[in-house]
Structures are given as structure tokens and as C-alpha cells.
Amino acid sequence: MPLELYLDLHSQPCRSVFLFAKINKIPFEYKAVDLSAGEQYGEEFGKVSMIRKVPVLKDGDFILTESIAILQYLVGKHRTPDHWYPADLHKRARVDEFLSWQHTNIRTHGSKVFWFRGILPAVTGSPVPKEKMDAAVEELNLSLKIFEDKYLQSRPFIIGDKISLADLVAIVEIMQPVGTGLDVFQGRPALSAWRDRVKKEIGVEVFNEAHKDIMDVDKLPQTFEKKGIPEVLKLKIQKMFN
């Protein structure tokens, strides 16, 4: 029986898990969880994960949350090619270093820009105040500079000549604000070249499949109009501006 993956591809951690399973031909049953409709707070999903976040992996009776833990589990169980998460101590440490750093940097700042440019205007009908938007973009730009200067440098990929989990996680995080129309690759030739290499290694078709939903973020107003706005989402937005 194939494992089950509970995913919403609007979420960057879900995209990394989805892509990794697809690339490595790991059989799985796709369990869609519509975050915009608040399905993660429903009774059925609550039986799978008490923390009510995606992604979630269910392998028989074994349930695992947190995208990085899921990726590492898939590496171990399915014995994927070494370059994804190298056995070499130093190379693996470099992957772990980036995965630890990105949570509070690229993910945090990319997600904020996504919310400010995509979610909030769709919910409130008004743009985010300019000073808040400018500050969010500046934080993202700083994270991207650190990514280029420290983690990428002049290498083809983060840990050298081959793609790893670090590159996979990085690209889905960086694509998050791109979905709102902010081209973070413009004026960054090294970052653009790295993106092209990563897409080629992943496969353009599956890369586009994973990012189709995020690139259709303009449809969010119609989605909320049709489905309504979950109460939890309203409370989250209120906290952002209080």
C-alpha cells in the first residue's frame, strides 16, 4: 500500500515533498487539503494531525509531520541517490546548515511577501500599506543576498556540482513571492542561472506542475468569494495589523 501525503501545493513545504516524491518515483496517494477553505481545521484532518498543518506523511500507522523530517524519512526509506542527502559528513552538514537557516530567513520573509501581495489584498480588498510592504521586500532581499553570498557562492548547486535537498527546498521557498508577480530573479544573474539548473535537474514539466497553483494566486479573490473566508484566517489577519 503506497504511503499517503496530505498536501496543498500553495504551501512551499508541500511542494518540496511533492517534488521529491515525484522525482524519485516514490509511490504515494495524494491527499489534497485545501488550506484556503480551512480544511486543515476539519474533523477528518484532525484525526491525522493534531497540529493541523501540511504536509503530513502517513505510512501505514506511522504519521510524520514537518517537511524536512518527511524528506529525510523518504531519503532513508527509499534509499534515494546519495546526492540528495549525502553520506559524506561535511556535505550532509552543509545541507543541514541551509535547512536550519532557511526556516527563519527565506521562508519567513518570502511567506510574508506572499501574504502581503497575495493573500491580504484578496481577503481585505485593499493593498497592504506601502511602508509594511517595502519593509517586507527589503527583508526578503537581504535573505536572498545571504543565500547568494554564503550558501550558493560560485557553485552550480548549494553543496557543489550536484543538486541536494537544500536546492529543492530553496527553490520552492524562493518561488513563493514569485507567484505574486514579484520577480526576485531580475537583476540577479547568478540566482537566475541556479534556478535554471535546478529546474533542469528536477524536470521542467514536474516543476511547473508543482507550481501551477502558486502561479495562479490571482484567482484567490474568486476562491474566497466562492468558499468564504475561514474564521481562523480572519483572526490571523487581524493579528498581523494589531
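Lysine 25 sits in the loop that links α1 (12-23) to β2 (28-32), where helices (H or I, at least four residues) and strands (E, at least two) are DSSP runs numbered from the N terminus. Its backbone is worth a look, for phi of lysine 25 is near 55°, a positive value in a residue other than glycine. Most residues other than glycine have a negative phi, and most peptide bonds are trans. Lysine 25 is exposed, its relative accessible area being 72%; here buried means under 20% relative accessible area, exposed over 50%, and partly exposed in between (1.4 Å probe, protein chains only). The model is a predicted one, in which local features need pLDDT of at least 70, side-chain atom pairs count only at pLDDT 80 or more, and totals for chains, interfaces and linings use all residues. Residues are numbered from 1 along each chain as its sequence is written, and side-chain values use heavy atoms, with hydrogens and water left out.

The loop between α2 and β3 also deserves a visit. Arginine 52 lies in this loop and has a positive phi, near 60°, in a residue other than glycine. With 26% relative accessibility, arginine 52 is classed as partly exposed. Valine 54 belongs to the loop between α2 and β3 too, but valine 54 counts as buried, at 13% relative accessibility. A cis peptide bond, with omega about 5°, connects valine 54 to proline 55, and proline 55 is placed in the loop between α2 (43-48) and β3 (56-59).

What does valine 54 touch, apart from residues up to four places away in sequence? Its partners are Tyr6, Leu7, Asp8, Ser11, Cys14, Val33, Leu35 and Phe45, with contact meaning heavy atoms within 4.5 Å.

Asparagine 105 is buried, with 14% relative accessible area. Leaving aside neighbours within four places in sequence, asparagine 105 makes contact with Gly110 and Ser143. Its C-alpha atom is separated by 17 Å from that of glutamate 66, which is 39 residues away along the chain.

Two helices can now be followed as a pair. The axes of α7 (residues 165-178) and α8 (residues 189-202) come within 11 Å and cross at roughly 115°; these axes are lines fitted to C-alpha atoms over the stretch in contact, and angles run from 0 to 180 degrees between N-to-C directions. On the α7 side, the contact is made by Asp167, Leu168, Ala170, Ile171 and Ile174, and on the α8 side by Leu191, Trp194, Arg195, Val198 and Ile202. By class, this contact has eight nonpolar, no polar and two charged residues, counting Ala, Val, Leu, Ile, Met, Phe, Trp, Tyr, Cys and Pro as nonpolar, Asp, Glu, Lys and Arg as charged, and the others, Gly among them, as polar.

Finally, the chain as a whole. It contains 11 helices and four strands, and its C-alpha atoms fill a box of roughly 50 × 45 × 30 Å along the principal axes. Buried residues make up 49% of the 242 residues. Among contacts with a separation of 6 or more, 70% are accounted for by residues 24 or more positions apart.
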